Amino acid sequence: MEGAEGNAGQPGPAERSHRSSVSSVGARADVLVYLADDTVVPLAVENLSSISAHELHRAVREVLQLPDVALEAFALWLVSPLLEVQLKPKHQPYKLGRQWPELLLRFTDASDDDVAMDEPSLQFRRNVFFPKRRELQIHDEEVLRLLYEEAKGNVLTARYPCDLEDCEVLGALVCRVQLGPYQPGQPAACALREKLDSFLPAHLCKRGHGLFAAFRGRGAKTGPGEQGLLRAYRQVKEVTGDNSDHEAALGSHYRAYILKCHELPFYGCAFFHGEVDKPAQGFLHRGGRKPVTVAISLEGVHVIDNREKHVLLGLRFQELSWDHTSPEEEEPVLWLEFDGDSEGMPVNKLLRIYSKQAELMSGLIEYCIELSQAAEPALPQESAAGPHEAPGSSPPATQRPKLRRQGSVVCSRIQHLSTIDYVEDGKGIKRVKPKRTTSFFSRQLSSSQGSYTVVQPTDDSLEQS
């Protein structure tokens, strides 16, 4: 389990994969590996109990005839509705599967009955540690399709929260892939008008409205999301020139979808389940907790509200310090420390995330920082806005960054969190009128690389919390 990533957050793709991956055990066994689109790669393997994830990964690549880049772009995962674990190449999937109940008891709050019923499946999914900038260099259609299918599933299940206009652009590309080029009145579109949730996240779909209700005659109305989706579908660009065959066109739209998802700060993250304190409200100052998903990538950490489908807090690694605690007879906690303000004064804020996966999250943050520090800086031409832009989507009317729009679901909502404004003075947590020099936590990027600044009390600035 060392170094693996786990997730007990939003069920998302895991709900589709609650099935066994091993049909027989012995000298020779049949292993089923599931792809992001729920198709199955059957493998006949020898010595199942000792075969490594690396060997199974190679077998999948051979069956799918994937290029060498797939070795780094994808990883094998053990996935169930309760937990998700990305495997290291040296891990032995069968042995980890036998240890699954122990992992559930250690890293989830599942009941004994749920633990007894749960069974993981093997999935071939994107590697959390594969940099986005390297995806821009991929041109193999099957690799792009697998990345597209996984990203699409995360968008449709709201694992990747998106603003409505971004959902419309992404949904339009799915329409183009599934329905072909836009043609007014096309029968295929009318036949799928009731399957709006194939194009938009379920919480944006309105029952009783078809996607192409405008084709159904005078007086038919569509919802706002449907209207925008239809408008975006009309605007999807087509490939032109000598390479405008069907396969090349699909590849360009897969690529366009992935590039659009690159704008989402949590694209490619590992997801974890947790809870945070709500701000005290009302006369009695009642608070309570809210369930959240913690998304961690090579770039930073995002805390997402499960119910509202929006970001509560987004931090790059340069902007935070962190630690985790697991006191006996108390809940494990991941602590995030970051800059903020209180009544106009700069302070350090401390967010407490309750989760049995705090240890996993802390370890992943540390490893992502190590990888980021060791990686070479990306070249300017590798940016998503550069010359690699695919022809599958129209450019925005203005050049303002799409995800900086006011009220975007990807913007932090610190006011919806209950945080501690503090500094450590050797005796306890204190409120301060701060002067920035030290941090409560030592785990952070070096000062030469990070922009995070911290608070130290002065004798005349302490106030007992």
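Student: Which residues does Tyr257 touch, not counting residues up to four places away in sequence?

Tutor: In this predicted model, Tyr257 touches Tyr148, Ala151, Lys152, Val155, Leu170, Leu173 and Val174, leaving aside residues up to four places away in sequence. Tyr257 is also one of the residues with the most contacts inside the largest nonpolar core, which has 107 residues, and others named with it include Val33, Leu43 and Phe124. The largest share of this core, eight residues, comes from helix α8, which covers residues 164–179. In soluble globular proteins, nonpolar side chains tend to be buried together.

In one of them, Phe74 and Phe124 are stacked, with 5.0 Å from centre to centre and 25° between the planes. Phe74 belongs to strand β4 and Phe124 to strand β6, so their pairing ties together parts that are 50 residues apart in sequence. Phe74 and Phe124 are both buried.

Another pair joins Tyr160 and Phe271, whose planes stand at 40° with the ring centres 6.1 Å apart, so this pair counts as tilted. Because Tyr160 sits in the loop between α7 and α8 while Phe271 lies in strand β7, the pair ties together parts that are 111 residues apart in sequence. Tyr160 counts as buried at 4% relative accessibility, and Phe271 is buried with a relative accessible area of 4%. Ring pairs also link Tyr160 and Phe271 with Phe266 and Tyr267 into a cluster.

Conventions:
Residues numbered from 1 in each chain as written. Predicted model: local features only at pLDDT ≥ 70, side-chain atom pairs only at ≥ 80, totals over all residues. Heavy atoms only, no water. Core = buried A, V, L, I, M, F, W, Y, C linked by side-chain atoms within 4.5 Å. Buried < 20%, exposed > 50% of the residue type's maximum accessible area, 1.4 Å probe, protein only. Helix = DSSP H or I, 4+ residues; strand = E, 2+ residues; numbered from the N terminus. Contact = heavy atoms within 4.5 Å. Phe/Tyr/Trp six-rings, centres within 6.5 Å; stacked < 30°, edge-to-face > 60°.
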